[in-house]
Structures are given as C-alpha cells and as structure tokens.
Amino acid sequence: MPETISLFIQQNISKTLVDTSDTIMSSSSSHLTKELQCSICLDMFTDPVSTPCGHNFCKTCLKKHWDNSKIWKCPFCKETFKQRPDLKINTTLREIVEHYKKKRHVKKNVADIKKHKRIGHRNSEEEKAAHVKLFTDLIHYIERCQTELLEIMEEQQKAAEKQEQELIEDLEQNFTELKMRNTELEQLSHTEDHLHLLQIYSSLCSPTNTRNWSEIRMKTHESLETLRRALTELQETLDEKLTQTVSTGLKWMQQCAVDVTLDPDTAHPALILSHDGKQVRCGDVKQKCPDNPKRFHRYVNVLAEEGFSSGTFYFEVQVKGKTKWDLGVARESIERKGEIKLRPSTGYWTVWLRNGNEYAALSEPTVSLSLRVKPQRVGVFVDYEEGLVSFYDVESSSHIYSYTSQSFRGKLYPFFSPCSNNGGQNSAPLIITPVNAR
C-alpha cells in the first residue's frame, strides 16, 4: 500500500511539473510573440527596422507612417527626431523573427497532421462501423426473408397436402361406389325383369361425384411466384442500401471539391467558352485563335487550367440537354494535334455519351454502361496516389464507373468535350457547376 501511495504521489508530481512547464512555455511563447510584433500593424515583423529611441517596427509600416506626417516621431514612445532617421533593417531581429515563424509553422504543421490523423482515425472508425451496420442489416433482412419465405412455403405445402388428401379420399369413395355399381350391374345383367332394369338404369348411370376435375390443379407455381417476389424485394433493398452507401461516399468526395476553370489556350478553335471559364459549347465555325502546343487541333476538346499531381480532387459537370459528350481527366503529355484515342494507355481516363442514351467507359477494351437514369450532372473524383478515377450521377447518388489501380505520371487535368453540336441537336453547353455537399 505505501508503494502504491508513493507511486501515485510521484505520478501527480510529474504531471504537475509537465503542466507547469507547458504553462510557462505557453506564457513565454505568448510574451515572445508580443515582443516580435509591430505596434503599427500588430503583426509579426517584416523587415524590422529600429528607431534611434530603440523601438522596432516593420520597415514599410514606419515608412508609411512618416510619409503621412510632417514631423518624425516614434509611434510607440512619441519621441521626436530633428531629422528623418535613415532606416536600416535590423538583421539580427529579422533572423529571430524568421526563425520564430519557421518554428511556429513547423508546430502548426505538426498540429495539423495530428489533428488530421485524429479526424482520419475517427472517420475510419465511423466508416467501419457504418459498413458493419450495413452488412449486419442486410444479413438480418436476408434471414428474415428466408424465414418468411419458408413459413409461406410450409403453409402452401400443408394446403397442397390437404388438397391431395381430399382428392385421394374422393377418388377412393368414387372407386368404392363404382365397384358397388359394377356388382349391381353384374347382377342385373342376369335379370329377366326388363321393367325393373329400366327403372334403376338412370340412377346407376348418374355421375358418382359432382366435383369438376378439370378445375382441380396443383398450385406448385405459387411457390415459385413467392420466391420471385421475395428475391425482387431483396434486390430492391440491396439497391436502396447501395444507393445510401454511394451517397455517403459521394458526400465525402464532395469535400474534396476544387475550383475548375477552362483553359482557353487548350480549347479547339470551334469551341466557345463563357467569360468565367465555366461553360463550353461547340460553335458552327472555327474561330481565329493563336496556335500553340497546348491547343487541341483536330478534336473539339478543352482542358482545365488547373492540374493536379497528388492528393484527391473532385468536380461536377452539368450535361443536361446533350446527346453526346466526353468527360474525365487527361495527362499533361497527351497528344493534342493529330489522331487521338481516348484510352488510359494514351493518357485519358474518360466516359462518354453517344446517340442520346449510349454510355461507355473508354477503358481497354471499351465497357458499355447500362444506367438506370440519364445523368443530368456528373461528378468526377480522382485519388492520385490510389490510381483511382470514379464517375457518379450526382442527382441519383449512383455510381457510373471507376478506373482502378491506374498509374499516373505528371499532372492530371480535368478534360471536357461537348462534341459537335450536330445541327443544333447537341448545342447545350457543358457547365462546370459549384459543388454543394448534400
């Protein structure tokens, strides 16, 4: 017991010393920060200069202060100088400020990394818990469907067995009656009383049972119909859960949204860009544009101004009213002048629409896409390090297609093609839209 008390006291003393040390360091850091602040702009010194009275200011701040005054006095202690002092940068103080800024920057980065690590860990745990719950719910639903289906089939089997038993009993009764009649007929065949024979003939020839046998049928098809309904409900539930999962993932991806603007220097001469660089459509004639290595020459394509060589990014494009388009990302080193094949091997990761309702991912080989609804807005998500390019129907929160395990080199640029306007039938523009996390 004394050892436990001693250990407890030591731990508390250590904790108190650490807390005190942190407080002193924090207080010291706060005091140092004030010492390194310009009293004019109240920010850290930039190119600090010293006045003859020994006070320090940013060179630009003090210069502006004196430029707007007819006398030269210290802004801090108000001491007046007979002539304007020749300001020279205090190199020692500047080095101290720069060192402190670097140290603070490093601390901030470390704090940010720790914060992101905590957030990432928490998000990861929440994501794992959500996935576990999703599959647990699905398992319970499947088990419930199985139990209900077996109960229904058991009831149908019992009903069928009861019907079969009734049929057997009816048949046995009919058979017994027929045997009796056969015996009676055998006896009557030897009678010479023809009048009596005629009197009982009608009763002997009447049907033995009024059941309509042609209407009796086994209901084995009902079991198959019950199974079909159960599987249909299961499919609908799976689709609903999948939509919820994609919607959750899409909300996370939308947090990675970047501001995308079209690059006019890459646009094919037939393309017409809006003034804000957010819309592109194909005109009827080529415009006079200066040729440069970046510009597409043969196909009506355009890239974004922004390129990305690491991390994740996401953007959304409105495709409403169009009968054909191409969307995705492209490598900076792509071919822009001659024959272009939209393939990962040539530096393009894209999907397209043709003939109003034919969607495809231009992988190798091309994959035809069967979409339940026609997308009005397409979201594009890229994870550079993971080699992932994914496409989503934003409004229905459904997944369109993903390129996985890709190898990226250099910068990737958002890629757009509104395609030819097809005599006005495809004149609607592609529109880069603001991302609103739902």
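Modeller: Let us begin with Arg-84, which forms a salt bridge with Asp-67. The model is a predicted one, in which local features need pLDDT of at least 70 and side-chain atom pairs count only at pLDDT 80 or more, while totals for chains, interfaces and linings use all residues. Residues are numbered from 1 along each chain as its sequence is written, and side-chain values use heavy atoms, with hydrogens and water left out.

Colleague: What makes the contact of Arg-84 with Asp-67 a salt bridge?

Modeller: The term requires a side-chain nitrogen of Lys or Arg within 4 Å of a carboxyl oxygen of Asp or Glu. The closest N and O atoms of Arg-84 and Asp-67 are 3.0 Å apart, so the pair meets the definition. Helices (H or I, at least four residues) and strands (E, at least two) are DSSP runs, numbered from the N terminus. Lys-63 belongs with Asp-67 and Arg-84 in a network of salt bridges.

Colleague: Why is Arg-84 called partly exposed?

Modeller: Buried means under 20% relative accessible area, exposed over 50%, and partly exposed in between (1.4 Å probe, protein chains only). Arg-84 has 34% relative accessibility and therefore counts as partly exposed. Asp-67, at 41%, likewise counts as partly exposed.

Colleague: How do you know that Asp-326 is buried?

Modeller: Its relative accessibility is 5%, so Asp-326 counts as buried. Asp-326 also forms a salt bridge with Arg-354, with 3.0 Å between the closest N and O atoms. This pair links distant parts of the chain, Arg-354 being in strand E10 and Asp-326 in strand E9, 28 residues apart.

Colleague: Which category applies to each partner in the salt bridge of Lys-337 and Asp-291?

Modeller: These side chains meet at 3.0 Å, N to O. The pair ties together parts that are 46 residues apart in sequence, because Lys-337 lies in the loop between strand E9 (325-331) and strand E10 (348-354) and Asp-291 in the loop between strand E6 (279-282) and strand E7 (302-303). Lys-337 is partly exposed because its value is 29%, whereas Asp-291, at 60%, counts as exposed.

Colleague: How many salt bridges does the structure hold?

Modeller: The structure holds nine salt bridges.
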